[in-house]
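Try each task before reading its solution.

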Amino acid sequence: MREDLEALIAEFQTLDAKKTQVIESSCPPPSPRLNGSLSAHPERDELILFGGEYFNGQKTYLYNDLYVYNIRKNSWAKVEIPNPPPRRCAHQAAVVPTAGGQLWIFGGEFASPNGEQFYHYKDLWVLHLATKTWEQIKSSGGPSGRSGHRMIACKRQLIVFGGFHESARDYIYYNDVYAFNLDSFTWSKLTPSGIGPAPRSGCQMAATPEGSVIIYGGYSKQRVKKDVDRGTLHTDMFLRRAEGAGKEEDKWAWSRLNPSGVKPTPRSGFSVAVGPNNRSLLFGGVHDEEEEESIEGDFFNDIYFYDIVKNRWFPGQLKGPKSEKRKRRRGRQAETEGAGGEEMEEPPLQGPVEIVKEVVAEDGTIMTIKQVISGPGEEKSESEEEEEEEDGALSQQVEPCPRSNAMLAVKHGVLYVYGGMFEVGDRQFTLSDLYSIELHKMEEWKVLVEMDPKAQEWLEESESDEEEDDVEGAEGGEEEEESSEEESEDEGGEEQHPPVQPAEKHADYLARTEQYWVKLARSNMGPDAKEKKVVKVAHAMVKAFYEDSV
């Protein structure tokens, strides 16, 4: 099996070897993907997207293409460079400013088209940004093949921690630490004293101003009996620092951190980046809950900041765009509340609040999304709430939908979130949207690239004979998305739902048409669906149709 994957990788590399010159061309936004890497160019106002994966219900596609996003122009370019790293996902990328900028890539995995076999890389590559050339760095003594690890650049070193390796029969999670010296190009395995983090993948890793390393969270699983695994969402936190007052960098010690503030709720698949003012941040993720024989995921789209200097967590709260209209309605009280500097403020510590959202697929499948945010601010009077409802355009804020395994980068204090995935029932929706938010203001999200998650190819198992393996992968995904969107619109046009009457309120429309929607939900979900779930889906469908119609 391993030989089959190695042969497939070699076949892809043969195709890549035919490219002999650098070709840079303008292009539409990249196709949907997750588990790629998004990195900020150290000298230019650009973001660099590399690799990732996409699953359409039947087949897994891996990428090694390189895209550059121009922040000022809000435009994408595809850069084809000879001899790139093989296709991969769940790798790590780190940027250093040396010689016009270098993008370092380590590890990751390649999957067979059916997603059942995995090959884990242990190779190290550098993209020289100034000359647009890839170079593989061959140095012994590095980490074993893995994916889901973390890598950061810290004081002329690349530090690699954790990850996992999976084969057809078994898997292993790691908690080892390696350092790659960016001057001597040599690997060394670090053996910190003390009790460190348990083996894990997908954790948060950040460097302190002094060169210590912080580890938070992550995921691992253990086999409790034959064919039964138990997953663990880690929520502990550790510091790896130099031992003693001396300057010997090869002597390190682990210690457990007990941060103050409001920690993120337990989750896996979150994405991480380093923000301004010595603050590391965490975005999104998923908390899987096992119910009977199925697993339901609660996806998140919240931000948590960790202040590295103060050893303190706090949730990122959207302050909302400043609005003269709202100020006039609320009077001088709002003006005094809105006063203050541009510094990113820490909100008062209040208990988390859970917001429940529902996403309905075209076939009636429903996914409940729980979003946990920090505690509420001041209580609003009824009149204020009515005023905000009347002015719906002001109160409705744009934000990325909840997701896991997105790609993050921070440039000039602005956070960029690209792609990722969420699930509805048995379906996986892979995203290709791009959002940004100014971290020092935290006023509002901006949509840079929009995507309708419903307009996406999803092939059921019964359609498997229709698709042939294609060595080039899922190219031209944008066209497929557009055509499927057109088809869904055509289908929607055939079915006439009860129209919303002029000035009819949501509650009145629901009461008038509830039986129709329950019947429609039942036909979509089948006779075996529980009545409570059917009604819940019907109500969500009513809400979606009503909001589209008003």
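This is a predicted model: local features need pLDDT of at least 70, side-chain atom pairs count only at pLDDT 80 or more; totals for chains, interfaces and linings use all residues.

**Exercise 1. Decide whether Asp 288 is buried, partly exposed or exposed, and find the patch it belongs to.**

Step 1. Asp 288 has a relative accessibility of 40%. Partly exposed covers the range between under 20% (buried) and over 50% (exposed), so Asp 288 counts as partly exposed.

Step 2. Now place it in the fold: Asp 288 sits in strand β22, which covers residues 279–291.

**Exercise 2. Work out which parts of the chain are tied together by the salt bridge between Lys 132 and Glu 24.**

Step 1. Start with the distance: the two side chains meet at 3.8 Å, N to O. A salt bridge requires the nitrogen to be within 4 Å of the carboxyl oxygen, so this pair qualifies.

Step 2. Lys 132 belongs to the loop between β10 (124–128) and β11 (133–137), while Glu 24 is in strand β1 (residues 23–27), so the bridge ties together parts 108 residues apart in sequence.

Step 3. Check the cover. Lys 132 is partly exposed at 22% relative accessibility, and Glu 24 is also partly exposed, at 47%.

**Exercise 3. Describe the salt bridge of Asp 183 and Arg 156, and the cover of each partner.**

Step 1. The closest N and O atoms of Asp 183 and Arg 156 are 3.0 Å apart.

Step 2. Both partners lie in loops: Asp 183 between β14 (171–181) and β15 (186–190), Arg 156 between β12 (150–153) and β13 (157–166), so parts 27 residues apart in sequence are tied together.

Step 3. Asp 183 counts as exposed at 58% relative accessibility, whereas Arg 156, at 35%, is partly exposed.

**Exercise 4. Are Arg 279 and Asp 307 buried or exposed, and what joins them?**

Step 1. Their side chains form a salt bridge of 3.5 Å, N to O.

Step 2. For context, the whole structure holds 14 salt bridges.

**Exercise 5. Find the strand, the cover and a polar partner of Gln 428.**

Step 1. Gln 428 is part of strand β29 (residues 427–438).

Step 2. With 15% relative accessibility, Gln 428 counts as buried.

Step 3. The side chains of Gln 428 and Thr 430 are joined by a polar contact of 3.5 Å.

How values were computed:
Residues are numbered from 1 along each chain as its sequence is written. Side-chain values use heavy atoms; hydrogens and water are left out. Helices (H or I, at least four residues) and strands (E, at least two) are DSSP runs, numbered from the N terminus. Buried means under 20% relative accessible area, exposed over 50%, partly exposed in between (1.4 Å probe, protein chains only). A polar contact is a pair of N or O atoms within 3.5 Å; within protein, one must be able to donate a hydrogen and the other to accept it, and residues adjacent in sequence count only if both atoms are side-chain atoms.
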